[in-house]
Amino acid sequence: MHAKPSPLASPIPELPVHYMRGGTSTGVVIWEPLVPKEEHLRAELLRHLMGVPHTGEAPGNRQITGLGRGPATSNKVFLAHIEETATGQRIVSTLAQLANEHGEIDWSVNCGNMSSALPLWAVDSGLIEVPESGAFDIEIRNTNTGVLTVSRMARETDGRFVATEIPGVMGAFPQVDLFLQSPVGSKTGALLPTGAVVDEIEGVAVSCVDVAVPMVIVAAASLGKTAQEPIAELEADAAFMARLRQLWIEAGLRMQLRRRDGELLTREELARSETIPKVCIVGTPRHGGHLAVRYFTPQTGHGSMAVSGGCCLAAACLLPGSTAHQVAAGVATPTQTYTDIPVSLENPAGLLDTLVTARHGDAGLDIQAAAYRRSAQILMRGQVPLYGASAELTRALQALPGADR
C-alpha cells in the first residue's frame with residue numbers, strides 16, 4: 001500500500017478542515033499554519049471553501065459549491081493555532097465572517113457560539129493534551145477583538161466528554177462553559193460608546209452598549225412590537241426592518257465603529273454590515289426569564305440568541321436607566337463587591353442563561369466577566385478540494401511549512 005501524498009501537493013489543492021457546530025452556529029475550523037498569510041489569498045481560499053461569490057454579488061446564492069449555508073450563523077470560519085504562555089497552552093483564534101450573497105469578509109468581530117467549538121477542535125486535533133477524566137480549562141485569545149475567554153470542559157471516567165442540552169439544539173453534546181474576561185469595550189473601548197445610557201434616534205430611545213460585542217438595544221414597544229413575535233414574522237415586516245436598519249446605521253455612526261484597518265465605518269458600510277452593530281428588541285418576559293428578546297445580526301434575525309450578544313444584553317440589564325433595565329424583571333442589583341448575577345433571556349429557542357460578574361463602583365457599573373454555557377460538536381473532519389484555486393493560491397498552499405501535517 002502506497003503512502004498517500006500530501007493533499008496540498010496534488011494538482012487540485014485540498015485543505016484539511018474540521019466542520020463543526022458551536023452553540024447554535026456552524027462553520028469551519030482550520031489550523032492556521034495551513035493558510036497563507038497574505039490577506040488576499042486568505043480571502044480567495046475562504047470564498048472557495050464556503051461557496052460565496054469571488055467578485056460582485058449573487059442574490060439568493062445557496063452556497064451549493066461550499067460549506068456555507070445561507071445565514072450568517074452558518075457562514076463562519078475560525079483560523080486557529082496554539083501559543084505557549086507562562087501558565088500553559090492557549091488557543092489563538094481569528095474569525096472570518098462571510099455572507100452568502102457577496103464575497104466581502106468581515107474580520108471585525110468574534111463569535112461566542114462558534115468559540116465553543118475551539119477547545120473540542122484543539123483536543124480532537126491533538127494540539128492540546130487534557131486529562132483523561134475530570135474538568136479542565138483552556139484559554140482562548142481572539143485576535144479580532146482582543147477578548148480573552150476561559151473555556152471549561154469535563155470528561156467522564158470513561159473518557160467521554162460531559163454532555164449538555166441547550167436551546168435550539170436537538171440532543172446532548174459535549175458541554176463547554178465560556179467565561180469572557182474583561183469583556184467591556186470589545187470594539188469601542190467603552191461600556192457606553194456614545195457616552196450616554198440612552199440615545200434618541202429617529203424619535204426612538206436606544207441604548208448602545210459594548211460588552212463582548214457592540215449592540216443597539218431597543219424597547220420593542222417603541223416599534224409597535226412585544227419581543228414575543230416569531231423571527232420570520234419580524235423579517236417579513238418590511239416597514240419594521242427598514243426602521244430597524246435606520247436605527248442600527250445611525251447608532252453605528254454615533255458609536256464610531258471602525259473597520260479592521262482602524263478607519264471609521266461609513267453609512268454605506270454599516271448598511272451592508274453582517275456583524276456590527278448587533279441589534280435587538282426587548283420586552284417583558286412571559287416564560288420564566290428576566291427579559292424577552294428578538295436578536296438581529298444585524299441583517300437577519302437570529303433563531304435563538306447569540307451568546308456574545310446575550311452577555312451584552314445581560315450586562316445592559318444591570319445598567320440603571322438603559323432600555324433593557326427598564327423592561328427587565330427580577331434581575332438582582334449589583335452591590336459594591338463583585339457578585340455573580342444570573343440573567344436569563346427568553347428567545348425563540350428557549351432560555352439563554354448567562355452569568356455577569358459585576359459590582360457597583362465609584363464610576364458606575366463595573367463588569368469583571370460574563371459567562372455562558374454552550375455545547376459543541378464535530379460534524380465532519382476531512383479534506384476540502386479547492387476547485388478553481390488560482391495558481392498563486394495553489395503555489396502558496398504548497399509552499400507552506402504545514403503542508404505535510
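**View 1. The largest cavity holds about 140 Å³ of space.** On a 1 Å grid over the protein atoms alone, a cavity is a set of points where a 1.4 Å probe fits but cannot get out, and lining residues have an atom within 4 Å of a point. Grid points are joined across faces, edges and corners, and a volume is the space filled by probe spheres set on the points. The model is predicted: local features need pLDDT of at least 70, side-chain atom pairs count only at pLDDT 80 or more, and totals for chains, interfaces and linings use all residues. Residues are numbered from 1 along each chain as its sequence is written, and side-chain values use heavy atoms, with hydrogens and water left out. Of the 19 lining residues, Lys-76, Cys-111, Lys-278, Thr-297 and Ala-306 lie nearest the centre of the largest cavity.

**View 2. Asn-110, Gly-112, Ser-115, Val-147, Thr-149, Leu-180, Ala-212, Ser-308 and Tyr-372 line the second largest cavity.** About 60 Å³ of space lies in this cavity. There are 3 cavities of 30 Å³ or more.

**View 3. The largest nonpolar core has 91 residues.** Such a core is a set of buried Ala, Val, Leu, Ile, Met, Phe, Trp, Tyr and Cys residues joined through side-chain atoms within 4.5 Å, where buried means under 20% relative accessible area with a 1.4 Å probe, protein chains only.

Key:
Buried means under 20% relative accessible area, exposed over 50%, partly exposed in between (1.4 Å probe, protein chains only). On a 1 Å grid over the protein atoms alone, a cavity is a set of points where a 1.4 Å probe fits but cannot get out, and a pocket is an open set with protein on both sides within 12 Å along at least five of seven lines; lining residues have an atom within 4 Å of a point.
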